[in-house]
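Take a look at the structure below.

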Amino acid sequence: MAALRKGTVYLRFVRSSGGALLSSRKPAVSKLGKWRNILYTGVASLAVGGGLCAVPFKQVEPLSHDSLIKRAASLATDSSSTFLSQTTLALIHAITEYAKAVHTLIALQKRYLDSLGKLTPAEEDSVWQVIIGQRAKVNDRQEDCKHFESTWFSAMKLCEAAAEAAYTSGAEHASVTARTNIQLAQSQVEEARKLSLDADKKLAETKVMEVQRMAQYAASLENNEEEEVPEAYLRED
């Protein structure tokens, strides 16, 4: 823009100078031709040096079909990788919340077993209501895991298909990136599943312990009842 303004100002100066020279009272024919040549030469040099016609215009060549397919394949891998990333985060969160709910249930059941025979009927009923509510929460979290796991499997298949399509179309870098994302998602979900498997194992152990403790508690109640029976009723006539 600066060069253009400079050229415009210079052009106006040349025109005004040429007009003044041509409008003199006693122009000489030879001088008039000379000044016209100077004027045209100045305008020509201005057009080149001032930048009016020095801006090159490069024509964009049309892309080939292969290039367009590679770009589309790269976009497909990017989109599928984003879908996989979001579903992976959702599944990991659901698994983590499930594990937390299971551990909370285990803690409630152990506390109840430790307090057997020490609670009033009303307190025992309140504790059982809390345990039942926590079991329902565990079931809800388990359903969330199943829902997001199904979506995650679909995202995995989509990302694998996009990676394969990128490879066959010649977009090797996009294919490698997509497969790396698949491996990362698998490893992250496997680590999260270890938490849920550990929680399920401890819950099963707690249930076994609950059966044993309840059996011992029932046996102790029977023994106490037998001890409380008067000796006269136990004698034979």
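## The largest pocket

Leu91, Ile95, Tyr98, Gln142, Cys145, Lys146, Glu149, Arg193, Ser196, Leu197 and Asp200 line the largest pocket. The model is predicted: local features need pLDDT of at least 70, side-chain atom pairs count only at pLDDT 80 or more, and totals for chains, interfaces and linings use all residues. Numbering runs from 1 along each chain as its sequence is written, and side-chain values use heavy atoms, without hydrogens and water.

A pocket here is an open set of points on a 1 Å grid over the protein atoms alone, where a 1.4 Å probe fits, with protein on both sides within 12 Å along at least five of seven lines; lining residues have an atom within 4 Å of a point. The volume of the largest pocket is about 220 Å³, counted as the space filled by probe spheres set on the points. Helix H3 (65-114), helix H4 (121-169) and helix H5 (172-228) each give two or more residues to this lining. Helices are DSSP runs (H or I, at least four residues), numbered from the N terminus.

## Residue classes

## H3 and H4

The axes of H3 and H4 come within 7 Å and cross at roughly 160°. H3 is therefore roughly antiparallel to H4 (angles over 145 degrees count as such). Axes are lines fitted to C-alpha atoms over the stretch in contact, and angles run from 0 to 180 degrees between N-to-C directions.

Methods:
Parallel < 35°, antiparallel > 145°, perpendicular 65-115°, else oblique.
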